[in-house]
Amino acid sequence: SDDAATVAAAATALGAIATPEAARALTTAAKKAPAAARSAVIDGALRAAEQLADAGKNADAASVYKACAAGDMPEQVQFAARRGLSEGTGTGTRRF
């Protein structure tokens, strides 16, 4: 639907912006996004977390990863989030 496409486009843009506020908006939206856009919203959140970690904003990145590791997220998302928390991403391993 047009609404899902709009949500997906906004999520992609917010994921690229990757500010702590954008990441929080994405993790909140992931729980209530239309089914057709949910994967794009989650992907945006995980991309934002990666960029936040790369920028040294580890607490903000960890907050996103923890939200994505919640039991109400799809299994593959939980796995990716746990990996982000435990191994770090990007330029080096980070401890959260």
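This is a predicted model: local features need pLDDT of at least 70, side-chain atom pairs count only at pLDDT 80 or more; totals for chains, interfaces and linings use all residues.
**Helix packing.** Helix α1 (residues 2-17) and helix α2 (residues 20-30) have axes that come within 8 Å and cross at roughly 145 degrees. The crossing of α1 past α2 is left-handed. On the α1 side the contact involves A11, L14, G15 and I17, which meet A22, A25 and L26 of α2. By class, the residues of this contact comprise 6 nonpolar, 1 polar and no charged.

**Salt bridges.** The count of salt bridges comes to 3, and they are listed below.

| Pair | Distance (N to O) |
|---|---|
| E21 and R24 | 3.9 Å |
| D72 and K31 | 3.2 Å |
| D43 and R47 | 2.7 Å |

The D72 and K31 side chains form a salt bridge. D72 lies in the loop between α4 (58-68) and α5, and K31 in the loop between α2 and α3 (35-54), so this pair ties together parts that are 41 residues apart in sequence. D72 is partly exposed at 42% relative accessibility, and K31 is partly exposed at 46%.

E21 and R24 both belong to helix α2, 3 residues apart, about one turn of the helix; R24 is partly exposed, with 44% relative accessibility. D43 and R47 both lie in helix α3, 4 residues apart, also about one turn of the helix. D43 is partly exposed at 36% relative accessibility, as is R47 at 49%.

**A buried glutamine.** Q78 is located in helix α5 (residues 75-87). Its relative accessible area is 16%, so Q78 counts as buried, the cut-off being under 20%. Apart from neighbours within four places in sequence, Q78 contacts C68, A69, A70, G71 and M73.

Terms used:
Residues are numbered from 1 along each chain as its sequence is written. Side-chain values use heavy atoms; hydrogens and water are left out. Helices (H or I, at least four residues) and strands (E, at least two) are DSSP runs, numbered from the N terminus. Buried means under 20% relative accessible area, exposed over 50%, partly exposed in between (1.4 Å probe, protein chains only). Contact means heavy atoms within 4.5 Å. Axes are lines fitted to C-alpha atoms, for helices over the stretch in contact, and angles run from 0 to 180 degrees between N-to-C directions. A crossing is left-handed if the near helix is turned anticlockwise from the far one by less than a right angle, and right-handed if clockwise. Ala, Val, Leu, Ile, Met, Phe, Trp, Tyr, Cys and Pro count as nonpolar, Asp, Glu, Lys and Arg as charged, and the others, Gly among them, as polar. A salt bridge is a side-chain nitrogen of Lys or Arg within 4 Å of a carboxyl oxygen of Asp or Glu.
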